[in-house]
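Subject: Structure handover

Hello,

Please find the structure below, with notes on what was found in it.

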Amino acid sequence: MEPFQRYVLLVILVSFVHHISASVTHYSIPEEMKEGSVVANLATDLSLDVKTLKQRKMRLDIIASKKYLDVNKETGELYVVEKIDRENICTTKSSVSCYLKLEIILENPVRIFNIEVEILDINDNAPQFRRDIIHLDISEATPKGERFSLSNAVDPDVGSNSVKTYHLSESEYFNIEVQTGRDGSKFAEFILKKDLDREKKAVHNLILTAVDGGTPPRSGTASVIVRVLDTNDNAPTFDKISYSIQIMENSPIGSLVIHLNATDLDEGSNSDLTYSYSLYTSEKTQETFHLNPSTGEITVKGILSGQCTIKILVEDMNDNHPEISIKSFQSPVNENIELDTVIAVVSVSDKDSGDNGVVDVHIPDNMPFKLRESSDNYYELVVSEPLDREKVPEYDITFTVTDRGSPPLSDNETMTLELLDVNDNVPQFSQSFYTIRVMENNAPGALLSSLTAFDPDLHENQYLVYFILEKEIANTSMSIDSGSPPLSSNVTVHIIIVDQNDNAPVIVSPWRAHGSVVEEKIPRSTEKGSLVAKVIALDTDSVHNSRITYQFLQVTDATLFSLDQYNGEIRTMRMFSYRDPRHQRLVVIAKDNGEPALSATVTIKLSTMETAVKAFSDMTEVPLEYDIFSDLNLYLVIGLGSVSFLLLITILVTIVLKCQKSKPSKAAAPCRNSVISERNSTIADSTLVSNDAYWYSLFLAETRKGKLVVRQPVPKGSRYIVSSLPRGTGLTDTSDSAASTLQVRVKNRFIFYTSLTKNFFFFFLHALTCNLECYNS
């Protein structure tokens, strides 16, 4: 007993490792241990006094299992009572682990220890098939590559000890492929790797072996019997190709001429034979000899005269279909593949002879391919026209083989040619030109519009990247780029900035030095319809937002003045009477056509005077220092002389024209250049720009008799210097300013006369035209 105990202890120390924890003590042992084998010393592991174990009534309870283990109360050792079979304890293979749960109970005081003994699997079971013999029926017409399911083997062991792989005995027709199921189990698929021929071998006997992964490995076998099912793939054949028979004349009817014998390698109904005359047998022969369709006996049917030799020749029947075999096939191919590139190689054959064995092969006519014979019964399929994947992504090419028998027999084989995309299409926008209307004052980052483009290529050749090539005012070119090598296209985007009514009109005439009040003086003798003032306002908006209308906001006497709502001209509706106040206040509002409308106002204070105001008199009354103005006198005199000369000519022409009038009409409307305003000498030369891109240069000139307004178009892009002169002080004003102030005034007046000289030709022509109109009226 002592040597056995030392042996057991050695096994425990070398083979097993136990784990002690506060709540559960864990041990691991292999299954199939011999009875009496010690698992562990519980007294030592649980820190118990061996001498008190019997007194404390130490016992072992096994939970929900047979009592395979027990404890020695003398030594405190846990030992094997009965051999443990892991497969009996843990019948399910859902978990690799298998445990025996124990409780060690002690009294005085009561203590309970939980023990967990893991039963480790050993490779003590070999794989077994559910059936020792597996029968498979496979038709000889089954194509190679076909798969068949086989019954898998089972092994009650777990982990690496379970079924690992399968082996099939050597066979030129079959092999297997090991597959893994979702639960980790292994099974074999039976694969046909060569065409079967029942007439050569009707039954195949194979051995399938399942092997586990244990050390050493265990295995189990099953017989696989494959029975090849017949198809009608063999034509009947006669014993000889031709028969030569001699018979005597006057042979009685019914005499046997020959007994034909044909055989068919097929079986069952496929081997049933029927004999008949061919189409080439003459009617006379058929009337003379009778052929039994079942037995193949030829007997005399009619009376034979003389001696003749009958040669019966059995000709080949077109009973075999031509066959086609794909020897090489390249798919997929790039769509830009070069012409005459070989795509596939096929071979054709026919078991018949003569014309029955001559085979023709062709493909559909509407394909960009052609067949080219490379050698006997071998053909190459080559590219004959450029391919375009965007038009046809793939081709189903059907090879049709037809023999020249009567009737002809045929067969076909179809293969699919897939085309790979190349970046041969330039991306295209949906439109050739884009016009986008965008409201002004939009927030930065606001979406203006979306542009879409399409590329019929695939994958990375279809991915589009948009970017702006260049920027111009109101024009943007968009470009897209993708593929390898990248192809791109561009489109011009015309962005129209739509105007918002965000600018109020600005009154530029009448000229105002400060504020919005303008003072004007007019004679009380002003006639009806005379021009009092002209209000001109500009709006930097465009189109309808810049269209301005004028209205009286306030007027001292609504019966005295009229306002043209379109051109801003204020005219008298009647002559002044003694009842009319001497001072008139006109408030004019200029409104644009936007929504909502914006406006600006100007206040005109009109003062009526009994006599005309003499202009420029203050220049003669103001003493000037000679040393200050000496340099300017010459230019001033020249300017005054030129102006006076031109004015004199104008007056003379006017007088002559008026004197020639036969019947002057008192009711004639006053001409449009009637002098109605009296004011000190000033000039405003301004460039006025409208948003309709129509430029005007407004020249305002004032003379002693009044104010003249001349409008003329100026070419776009012209520039004019904007200059303005301050108002004079009036007829009765005296100048107390210093010499510098006087110098400025004289220089301003010099500029005035120079400008007046330059533009007086326009004034002259306008006055002459107006006078002619007045004369004609």
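What share of the contacts in the protein with a separation of 6 or more comes from residues 24 or more positions apart? Such residues account for 64% of those contacts, where contact means heavy atoms within 4.5 Å.

Some ground rules come next. This is a predicted model, in which local features need pLDDT of at least 70 and side-chain atom pairs count only at pLDDT 80 or more, while totals for chains, interfaces and linings use all residues. Residues are numbered from 1 along each chain as its sequence is written, and side-chain values use heavy atoms, with hydrogens and water left out.

Overall picture

The protein has 7 helices and 50 strands; these are DSSP runs numbered from the N terminus, with helices being H or I of at least four residues and strands E of at least two. Of its 777 residues, 38% count as buried. Buried means under 20% relative accessible area, exposed means over 50%, and partly exposed is in between (1.4 Å probe, protein chains only).

The mean pLDDT is 75, and 72% of the residues reach 70 or more; pLDDT is the predictor's confidence in each residue, from 0 to 100. For residues 612–631, where pLDDT is under 50, the model has 38 contacts beyond four places in sequence. For residues 662–777, also under 50, it has 197 such contacts. Where pLDDT is low, the predicted coordinates should not be read in detail.

Nonpolar cores

A nonpolar core is a set of buried Ala, Val, Leu, Ile, Met, Phe, Trp, Tyr and Cys residues joined through side-chain atoms within 4.5 Å. The largest one holds 29 residues, and the members that touch the most others are Val39, Leu42, Leu69, Leu78, Leu102, Ile104 and Val117. Among the elements that give two or more residues to this core are strand 1 (24–30), helix 2 (42–45), strand 6 (99–106) and strand 7 (111–120). Leu42 touches, among others, Tyr27, Met58, Val71, Leu78, Ile104 and Ile115, with residues up to four places away in sequence not counted. A second, separate core has 24 residues, including Phe129, Tyr166, Leu208 and Val226.

Aromatic rings

There are 6 aromatic pairs in the structure. Rings of Phe, Tyr and Trp (its six-membered ring) pair if their centres lie within 6.5 Å; planes under 30 degrees apart count as stacked, over 60 as edge-to-face and the rest as tilted. One of the pairs is Phe129 with Tyr166, which is tilted, at 6.1 Å centre to centre and 55° between the planes. Phe129 lies in strand 8 (residues 128–129) and Tyr166 in strand 12 (residues 163–168), so the pair ties together parts that are 37 residues apart in sequence. Both Phe129 and Tyr166 are buried.

Phe429 and Tyr434 form an edge-to-face pair, because their planes are at 75°, with the ring centres 6.2 Å apart. Phe429 is buried at 10% relative accessibility, and Tyr434 is buried at 7%. Ring pairs link Phe429, Tyr434 and Tyr466 into a cluster.

Disulfide

The whole structure contains 1 disulfide, a disulfide being a pair of cysteine sulfur atoms within 2.5 Å. Cys90 and Cys98 form it, with their sulfur atoms 1.8 Å apart. The torsion about their S-S bond is about 85°, so the disulfide is right-handed. Both Cys90 and Cys98 are buried.

Loops and backbone

Asn108 is in the loop between strand 6 and strand 7. Its phi is positive, at about 50°, although Asn108 is not a glycine. Asn108 is exposed, with a relative accessible area of 61%. The peptide bond from Asn108 to Pro109 is cis, with omega near -10°, and Pro109 lies in the loop between strand 6 and strand 7.

A cis peptide bond also runs from Ser406 to Pro407, with omega near 0°. Pro407 is in the loop between strand 30 (394–403) and strand 31 (410–420).

Val543 has a positive phi near 55°. This residue sits in the loop between strand 41 (536–538) and strand 42 (549–555), and Val543 is partly exposed at 47% relative accessible area.

Asn441 lies in the loop between strand 33 (433–439) and strand 34 (453–454) and counts as exposed, at 52% relative accessibility. Beyond its neighbours within four places in sequence, Asn441 is in contact with Gln500 and Asp502.

Regards
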